[in-house]
Amino acid sequence: MKNIVIAAKETDFEKALAAVFTREGYHVHSASDLPSDFNEPIEYLLDTTDKYNEEDTFTLTGGINADVIEQTLRENVLVSMALLERFLPQLDAGQGKRLFYISSAEASINETHAERGYGYRMSKAALHQFLQMTWNKLTPKGYTLRLFDPMTEDVLPHAAAEAAYHYVTRRRGMENEDGRRDDEDRLVLRDAFGRAHGW
Amino acid sequence: MPNVLITGADRGLGLSLCKEYLQRGWTVFAGKFMEDFTLLEDLQAQNTSLHILWLDVGCEDSINEAVQAIIRTTDHLDMLISNAALMGDVKCKLYEPPMELEQVWDSFRVNALGPLLLVEKFMPLLEKSKEKRLCFVSSEVACITLMQHRHDSPYPYPMSKAAMNMGIRIMHNYLHPKGYTFRLFHPGWMKKRAPDGSLSETALYDPDFIGEIAAKYFDKNLGDEHRLVMVDYNGYEWPW
Ligand SMILES: NC(=O)c1ccc[n+]([C@@H]2O[C@H](COP(=O)([O-])OP(=O)(O)OC[C@H]3O[C@@H](n4cnc5c(N)ncnc54)[C@H](OP(=O)(O)O)[C@@H]3O)[C@@H](O)[C@H]2O)c1
């Protein structure tokens, strides 16, 4: 059975995502429950880390809360970086070599109309750059990346999980084995409706 | 004449921008951060319109103190140039464990959170100006699109500059309708200045050369002030 690691099985989306992969025959381990001596190869890392702080609502005139911004950066970015570093040797040993992360179209510098939500959006912009740089480093080793917006406000967790499952497990398009026409040759943010969003 | 606050002004582009605006007859408030550099003091000896104040943009208290220092001289601020940045060589790459993740926070604190806090704290002074111009020195490494295929650099600095650009987008959404105008600038690969004023061999451009270009771009009124884009020293526009 193929091992995959999910960051946690806490939110409804995480539970639904773990259930879909289990249904499809994968052995889904939660990173927090894995013993430190677990050293089997891992196919996919499903990093579902995605924290939003209820107090992250201030505008520039409403009093910037630096503590909220710091906490959000730590929870959304530093945790993900540590998770990848921890499982990289086992991912290297696996066949799948696919990494999955959560973001939001609301964290697109191109698209957002927001006047607040600095902590979440800035942390995700940092994550996007982390993933772009990780893409540079890992694609020569055969890795592929998936960045997904589960559209938590609009899409039910089980439907978002089905969308994520297919997005993770399908290869992205390539015509006639032509590397110049290979959609895996770039990092993309796609939402649960299949729409791509700019950085 | 107008006035301007420039952060990270001890050397490099910040110092060059101080010289540019002094030549134009502006009053310049220069943020000092490096104790071992005295190039600002040398400049002040020739020009009384230069005011030096201690400013660590990674520290909220320091920003508050800088606001108080400026209030002793003026009741308004026309232009703010956020130039300071933490760039040092850090140990934070995959396959070189352990990554020093605190460096990610440190870069973010200075390069992304710093500009945000600066604007927040100086808003009462900016509000009293007709100009209300906010200028941010960013970088090509902030650009996620063109980071693809770029060679193996440590994570913290590019991540912090991308986060900074997002912070500026949110600020722009909120402040542009209130009469603020924005400049976001990539200065190119600049030489480093040593304490004696000499320039490093590596890199392409003298910061004085870039400073002249940047000062003109920051100062000039544009026809498309409603648009937020990153522009480089050639006048080229960058994607996000
Ligand atoms: N040089 C380049 O090739 C290049 C390329 C693209 C973008 N940029 C951007 O251009 C701007 C100016 O760069 P530069 O080359 O002129 O750099 P620089 O000569 O190193 O000047 C930046 C200054 O900011 C200071 N600084 C660091 N942390 C600070 C803090 N917490 N508070 C206040 N000041 C702080 C630095 O001090 P320490 O040296 O002690 O840290 C330094 O004096 C930066 O925003 C940089 O990101 C530079």
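This tour visits a residue in chain A and then some helices in chain B of a predicted model. Residues are numbered from 1 along each chain as its sequence is written, and chains are lettered from A in the order in which they are written. Local features need pLDDT of at least 70, side-chain atom pairs count only at pLDDT 80 or more, and side-chain values use heavy atoms, with hydrogens and water left out.

Select A:L46 to begin, which lies in strand 3 (residues 44-47) of chain A, strands being DSSP runs of E of at least two residues and helices runs of H or I of at least four, numbered from the N terminus. A:L46 is buried at a relative accessible area of 0%, where buried means under 20% (1.4 Å probe, protein chains only). Show its surroundings next: leaving aside residues up to four places away in sequence, A:L46 touches residues including A:I4, A:I6, A:F21, A:F100 and A:V168, contact meaning heavy atoms within 4.5 Å.

Move on to chain B and select helix 1 (residues 12-23) with helix 6 (residues 207-219), which pack at an angle of about 60 degrees with their axes 8 Å apart; axes are lines fitted to C-alpha atoms over the stretch in contact, and angles run from 0 to 180 degrees between N-to-C directions. The contact involves, among them, B:L13 and B:L17 of helix 1 of chain B and B:I210 and B:F218 of helix 6 of chain B.

Finally, select helix 5 (residues 156-175) of chain B, whose 20 residues reach 28 Å from first C-alpha to last. Of these 20 residues, 19 are buried, so helix 5 of chain B is largely enclosed by the rest of the structure.

How values were computed: Buried means under 20% relative accessible area, exposed over 50%, partly exposed in between (1.4 Å probe, protein chains only). The expected span of a helix is 1.5 Å times one less than its number of residues.
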